[in-house]
Amino acid sequence: MSSITPSDPTGTLAGRTVSRVGYGAMQLERLREDRAAGVALLRRAVDLGVDHIDTAQFYGNGFVNELIREAIHPEDGVLIVSKVGAAPNPGGRIPLRLAQRPEELREGVEANLATLGLDRIPLVNLRRADIGPGLRAEGDQVVDLDDQLAVMTALRDEGKIGAIGLSSVSLDVLRRALPAGIACVQNAYSLVARDDEEMLRLCLAKSIAWVPYFPLGGAFPGLAKVTEEPAVQDAARALDVTPAQVGLAWLLHHAPNILLIPGTADAGHLAANVAAGTIALDDATLAALDAVPTRTGDIELGE
């Protein structure tokens, strides 16, 4: 049976053609005590062909954005994606709090612009709290979608952001948001967590990028892990790759609008993640992986 690679090594994000495997910068916070290593990792990502990086002001309370500002240059041609809707919560049980009010969204964009050193962020995701895993909105953090989209579209009209994305949203919220022009959706999604399949297919029909977080399932208690699935481990042995690479490759095969932003603070893992974009999966392997059941759980954790 023939092996097949993803039909196209590139996809579209905020109107730009990008490699389908990018980089999620959240774990760069681990390198706070070794700034040079963080800069070197980002430079290595560029060398490997990564041309879209996902970040947020609340990753390390600005530290990750500052690293990106230092390491990434305009001539690199890297599309920077950020998000608003949460803020740092230093010293809290969870180091993140929601910041959903319109004025907080604007403040978040301004903070991202300042720490990234940009006049315009190509794509900013509105991180809501409609679905898990993650925090739930309470009190004044329960904000109507229309009020949030009003400020996001105003920021786009002002030229401070280029495109609007959504994160941690339900299918109903996505449908309501479509008239505003949505460039991507970031939800928790993986081989073992496919509850959002209908939303993924809607995004495909509307030419919206699907950029999953937790692409390998749970790194935390309460969420199933892709790498522990027997079918994934069998495929990894047969292909002489890692289970993590199989999980990422499955996503790229699953739908052409899926773009990946796996995160790591390790140069070896970074190279392996990028290489997952070239792994071929034959029909039998895909069938075995598709048969893995969805086993979603929920945790209170801020992405």
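The questions and answers below concern a predicted model.

Student: How many salt bridges does the model hold?
Tutor: A salt bridge needs a side-chain nitrogen of Lys or Arg within 4 Å of a carboxyl oxygen of Asp or Glu. By this rule, the count is 16.

Student: What separation in sequence does the pair of Arg176 and Asp144 span?
Tutor: The two side chains form a salt bridge, N to O at 3.7 Å. Arg176 sits in helix α5 (residues 171–177), and Asp144 sits in the loop between β9 (123–127) and α4 (145–157), so the bridge ties together parts that lie apart in sequence by 32 residues.

Student: Which helices does the salt bridge of Asp146 and Arg176 tie together?
Tutor: The side chains of Asp146 and Arg176 meet at 3.9 Å, N to O. The pair ties together parts 30 residues apart in sequence, because Asp146 belongs to helix α4 and Arg176 to helix α5. The helices are α4 and α5.

Student: Is Asp146 buried or partly exposed?
Tutor: Buried means under 20% relative accessible area, and exposed means over 50%. Asp146 has 46%, so it is partly exposed.

Student: Where do Glu229 and Arg295 lie, and how many residues separate them?
Tutor: Their side chains meet in a salt bridge at 1.9 Å, N to O. Glu229 is in the loop between β12 (209–210) and α7 (230–239), and Arg295 is in the segment after α10 (283–290). The pair links distant parts of the chain, with a separation of 66 residues.

Student: Which residue of that pair is buried?
Tutor: Arg295 has a relative accessible area of 37%, so it is partly exposed. Glu229 has 8%, under the 20% limit for buried. The buried residue is Glu229.

Student: Which residues are linked with Arg97 in a network of salt bridges?
Tutor: Side chains of opposite charge can pair when their charged atoms come close. Here the network links Arg97 with Arg101, Glu103, Glu104 and Asp140.

Student: In which sense do β5 and β6 pair, and which residue stands opposite Ile80?
Tutor: Strand β5 (residues 52–54) pairs with β6 over three bridges, in the parallel sense. With helix α2 (residues 63–71), the two strands make a right-handed β-α-β unit. Opposite Ile80 of β6 stands Ile53.

Student: Which residue of β9 stands opposite Ser82?
Tutor: β6 and β9 run parallel and are joined by four bridges. Across from Ser82 is Val124.

Student: Within what arc do the buried residues of helix α9 fall?
Tutor: The buried residues of α9 (residues 267–275) are Leu270, Asn273 and Val274. Seen down the helix axis, they line one face, because they fall within an arc of 95°.

Student: What covers the buried residues of α9?
Tutor: The cover includes a strand and helices. Among them are β4 (23–24), α1 (35–47) and α8 (243–254).

Student: Which backbone nitrogen does a side-chain oxygen of Asp266 reach?
Tutor: Asp266 is placed at the start of α9. Its side-chain oxygen comes to within 2.9 Å of the backbone nitrogen of Gly268.

Student: Which side chain makes a polar contact with the side chain of Thr115?
Tutor: Thr115 lies in helix α3 (residues 102–116) and is buried, at 13% relative accessibility. Leaving aside neighbours within four places in sequence, Thr115 is in contact with Gln57, Gly62, Asn65, Glu66 and Arg69. The side chain of Thr115 also reaches the backbone oxygen of Ala111 at 3.0 Å. The polar contact, at 2.7 Å, is with Gln57.

Student: What phi does Ala14 have?
Tutor: Ala14 is in the loop between β2 (10–13) and β3 (16–19). At 27% relative accessibility, Ala14 is partly exposed. Although Ala14 is not a glycine, its phi is positive, at about 55°.

Student: Is Phe214, which has a positive phi of about 50°, buried or exposed?
Tutor: Phe214 is not a glycine, and it lies in the loop between β12 and α7. Its relative accessibility is 14%, so Phe214 counts as buried.

Conventions: Residues are numbered from 1 along each chain as its sequence is written. This is a predicted model: local features need pLDDT of at least 70, side-chain atom pairs count only at pLDDT 80 or more; totals for chains, interfaces and linings use all residues. Side-chain values use heavy atoms; hydrogens and water are left out. Buried means under 20% relative accessible area, exposed over 50%, partly exposed in between (1.4 Å probe, protein chains only). Two strands pair if DSSP finds at least two bridges between them. A crossover is right-handed if, with the strands pointing away from the viewer, the path from the first strand over the helix to the second runs clockwise. The arc is that of the directions from the helix axis to the C-beta atoms. Contact means heavy atoms within 4.5 Å. A polar contact is a pair of N or O atoms within 3.5 Å; within protein, one must be able to donate a hydrogen and the other to accept it, and residues adjacent in sequence count only if both atoms are side-chain atoms.
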